[in-house]
Amino acid sequence: MSAPDVLSGPDGPDGPDGTGAPESRPGAGRRPRRPWPRPCRPRSRPRRRAVRGGGATEPPVRHRVITVSLLTVAAVYFLTPVYWLAVSSTKSSSDLFGTFGFWFHDPHPLDSLHRVLSHDDGVYVRWFANSLMYAGAGALAATLLSAAAGYALATFRFPGREGIFNVILAGVLIPGTALALPLYLLFSEIGLADTYWAVLIPSAVSPFGVYLCRIYAAAAVPGSLLEAARIDGAGEARIFRTLGLRLMTPALVTVFLFQFVHIWNNFFLPLVMLSDSDLYPVQLGLTSWQGYADRQPELYQYTVGGAFLSVLPLMVLMGVLQRYWRTGLTEGSVKA
């Protein structure tokens, strides 16, 4: 079929009646489509599939494989000692050195746990309770002080504010072991050495917590919300208690968890401050057991079992509090 035939239709070039009037039908008089397909341009890059519920795109498969592989290697690296503790805590002292360390051999976990808890009139239970008291009370006090200091440095303007903050940052750089001996001399002068307060009072100070709370409060506590509360007649203490603490909850949970882990694993400060074994935390108590293990070989098994029990509170606390890190409690607090 030639081009004129295509353009004129079946009844000739002038329409069906020969008068030049086109036929009144849908699409009459429109430019016809080309009889050949349009050329397709090659795509420069593959199209990524959109993620359900948003406009973001999924990363390439190779990136996900690399990420999962690296996370798997890191998880195996950090969980292998915990697995070894779990396996070794079920063995006797002879099996601890005479069998393969990464597999069970005649396990009796309940009997091993009972021996650890009942040895020396249950001294391990006392050490465990001391660690809970040191870490729990110290972390709670450090969190509240850090929240108050960070909130004040972020929301109030006063002379010397940046200088005070710089001094706090300098405190982050000083290791705790360098302060242990001066603290011991200070507490000896005031008669608090070899007491619970010798460990609790230093644990209530966290320069890193103050730094984190100041940075988070500056970003999460809007000034317009504070001004609205002041206009309504609320005092500064009430604003901090009802608004500041709630908006800063993710940062406070982070400070509490970091300080709890730091106090729980702290060894040098209790070693310097305490001489009464009844005041020992669990870390210092396990070290004392290991020191006598050459004369009492069963203490090797008690030390391993006690170390495994000492890991459990940290695992539980990490699993319970990690959801607060992913939750932004400030979303929707102020209308844009």
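Me: What is the handedness of the crossing of α6 and α9?

Reply: Left-handed. Keep in mind that this is a predicted model.

Me: Where do those two helices sit in the chain, and at what angle do they cross?

Reply: Helix α6 covers residues 161-173, and helix α9 covers residues 207-220. Their axes come within 8 Å and cross at roughly 135°. That angle makes α6 oblique to α9.

Me: Which residues in α6 meet which in α9?

Reply: From α6 come R161, E162, F165, I168, L169, G171 and V172. They meet P207, F208, V210, Y211 and R214 in α9. By type, the residues of this contact divide into eight nonpolar, one polar and three charged.

Me: Let's step back. How many helices and strands are in the protein?

Reply: The protein has 15 helices and zero strands.

Me: And how much of the protein is buried?

Reply: Of its 336 residues, 29% count as buried. The protein exposes about 22200 Å². Carbon and sulfur atoms supply 63% of that area.

Me: What share of the contacts comes from residues 24 or more positions apart?

Reply: They account for 70% of the contacts with a separation of 6 or more.

Me: Back to helix pairs. At what angle do α11 and α12 pack?

Reply: About 70°, with their axes 5 Å apart. Helix α11 is residues 236-247, and helix α12 is residues 249-265. That angle makes α11 roughly perpendicular to α12, because 70° falls in the range of 65 to 115.

Me: Which residues meet there?

Reply: L245, R246 and L247 in α11 meet T249, P250 and L252 in α12. Here the residues of the contact divide into four nonpolar, one polar and one charged.

Me: Now single residues. Where is I174 found?

Reply: In the loop between α6 and α7. At 44% relative accessibility, I174 counts as partly exposed.

Me: How far is I174 from P207?

Reply: Their C-alpha atoms are separated by 9.9 Å. Along the chain, I174 and P207 are 33 residues apart.

Me: What about L113 and G306, how far apart are they in sequence and in space?

Reply: L113 and G306 are 193 residues apart in sequence. In space the distance is 8.4 Å, C-alpha to C-alpha. L113 is in helix α4, residues 109-118. L113 counts as partly exposed, with 33% relative accessibility.

Me: Next, D120. What is its phi?

Reply: Near 55°. That is a positive value in a residue other than glycine. D120 is in the loop between α4 and α5, the latter being 123-155.

Me: Is D120 buried or exposed?

Reply: Exposed, because its relative accessibility is 52% and the cut-off for exposed is over 50%.

Me: And what is phi of D194?

Reply: Near 60°, a positive value in a residue other than glycine. D194 lies in the loop between α7 (176-189) and α8 (197-203).

Me: How does D194 count by relative accessibility?

Reply: D194 counts as partly exposed, at 28%. That follows because buried means under 20% and exposed means over 50%.

Methods: Residues numbered from 1 in each chain as written. Predicted model: local features only at pLDDT ≥ 70, side-chain atom pairs only at ≥ 80, totals over all residues. Heavy atoms only, no water. Helix = DSSP H or I, 4+ residues; strand = E, 2+ residues; numbered from the N terminus. Buried < 20%, exposed > 50% of the residue type's maximum accessible area, 1.4 Å probe, protein only. Contact = heavy atoms within 4.5 Å. Areas by Shrake-Rupley, 256 points an atom, 1.4 Å probe, with all protein chains shown as cover. Axes fitted to C-alpha atoms, helices over the stretch in contact; angles between N-to-C directions. Parallel < 35°, antiparallel > 145°, perpendicular 65-115°, else oblique. Left-handed = near helix turned anticlockwise from the far one by under 90°. Nonpolar A, V, L, I, M, F, W, Y, C, P; charged D, E, K, R; others polar.
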